[in-house]
Amino acid sequence: MIEAYYNYYTKNEYEMVYDAVKKANNGSVVISADMLNNKYHDMRSGSSNLERIYSELKAGNPVLVYRVNCSGHSDHWSVIVSYEGSTSTLQESGFMVYNTQTSWTYSVQNLTEWKHSGTIKHLKVRGTGIIGGSKVITLGCDDELKKEYYSGTCHFSAHRNDSDSNHHLQWFIDDVAISQFQMADKDGWFSIDIDTTKYSNGSHKLSVEYCNTQSKWTDSATITIKNNADTTKPTIKNAKITNLSPTGYTVECEVTDNVGVAKVVFPTWTEKYGQDDLDRNWSWNAAATSIKGNIYYFNVKITDHNNESGLYNTHIYAYDAAGNYVIKGMTAIVPLYISQISLSRTSAEMKVGEQVTISATITPSDATDKTIIWSSSDTKVATVDTAGKVTAIGEGSAVITAKAKDAGGKSATCSIKVVKQDSVVKGDLTGDGEVAMVDVVKVARAVGGYITLTPEEVAAADVTGDGEVAMGDVVKIARYVGGYIDSL
């Protein structure tokens, strides 16, 4: 509770009352006899506590603080105080001190119209629990409250300066509520868009009440509303995304208005975790990075968005001086490039006709474009397909390269050496130096899929020279063994 006392010759007595009330957590005051048709309640020495005083004040009953036997001034009363805040954490903004006369003798009689506020004379207000002398709630920011006048739809904000996330806030114009209760965002900000066309031209009081079930704090400002005939919205055209890279991008657009462009802002957020990275103060922090004539530019940096890649959203808000505005949405995919490629082998020696497959592993695994492009430095020595399968064609050396398709262009290589195939006797799969029925059987089993031939056996079995082992090779070798043909 705040005690307000007469700051004159009874000052010391009423300071004693203040001290008594301040210490009354476990009882040193009591609210007793009703006075003046039950409109007032007096407080005398007794065994109550501040909760009783608070309940009377909350009910709208002014409390008269009465000091008994104070240096002969037993009939003196302190000032009326009304409080709607917490009984444990006292806040200055929770109190209202009402009009009194300068003379204590007639002060009680002159409180009949106690709700009338007026000039307080010879009074001093004492209080406890004020947070560091600073505001608990602050209305607006510099550019929001510096405008000469407001028209159309205007954005306002308020910021809480305490750490209690359970408090809520309500907006008022001319002391009439214009919003439901709001909760602050994670950074302590509240905001509202006000359609000024609903109000008459001239000065209006814009205020906020920030409170919980026990405490209440306020802040206010005077705004001048001046709605006019200009209802034409600005125009946004030629909007585009440029300079797209893993570090961000640039939004570029042309903005014009029939009277003049007042402001262009570019609130931006990613899709990864909703709008957790959206700057809550975007209405002034997300202004254009640069302006060239009617062209507005805004640089988006991933460092401002948790270093996230993927889908980004940028909305362009263009305002004119009359408060008219237009919005255009833009999206961009910020790429995550491949930073490293690792190959399953970095070198290999092959014989003509052999094949080997090289596998590639990329880092990071969630790169936007995972495509790898394979190539050979000499296709007369070795070729490679899109899956990394290398075929030895002729003797010599070649370098197989795996390169990222994205603009990062990371790559890795494998050195290939191709040597000539060992001398092969056509039809001699067993390697015993002659072609016999056992070779016919082995080729037939290979064609039937029962066995797999080595590269050397394939070279010996392909007697038709068509590059594959098939039934034609079985027949030809069998005819040779049977003496029907002289050579293979």
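Me: What percentage of the 488 residues of the protein chain count as buried?
Reply: In this predicted model, 39% of them count as buried, meaning under 20% relative accessible area with a 1.4 Å probe, protein chains only. Local features need pLDDT of at least 70 and side-chain atom pairs count only at pLDDT 80 or more, while totals for chains, interfaces and linings use all residues. Residues are numbered from 1 along each chain as its sequence is written, and side-chain values use heavy atoms, without hydrogens and water.

Me: How many helices and strands does the protein chain have?
Reply: The protein chain has 6 helices and 32 strands. These are DSSP runs numbered from the N terminus: helices are H or I with at least four residues, and strands are E with at least two.

Me: Where is D219 found?
Reply: D219 lies in strand β15, residues 216-225.

Me: Why does D219 count as buried?
Reply: D219 counts as buried because its relative accessibility is 11%.

Me: Which backbone nitrogen does its side chain reach?
Reply: The side chain of D219 reaches the backbone nitrogen of L139 at 2.9 Å. The C-alpha atom of D219 is also 8.9 Å from that of V136, 83 residues apart along the chain.

Me: What stands opposite L139?
Reply: A158 in β9 does. Strands β8 (residues 137-139) and β9 (residues 153-160) pair in the antiparallel sense over 3 bridges; pairing requires at least two DSSP bridges between two strands.

Me: How many bridges join β9 to strand β13?
Reply: 7 bridges join β9 to β13 (residues 189-195), and the two run antiparallel. In β13, I194 is the bridge partner of C154.

Terms used: Buried means under 20% relative accessible area, exposed over 50%, partly exposed in between (1.4 Å probe, protein chains only). A polar contact is a pair of N or O atoms within 3.5 Å; within protein, one must be able to donate a hydrogen and the other to accept it, and residues adjacent in sequence count only if both atoms are side-chain atoms.
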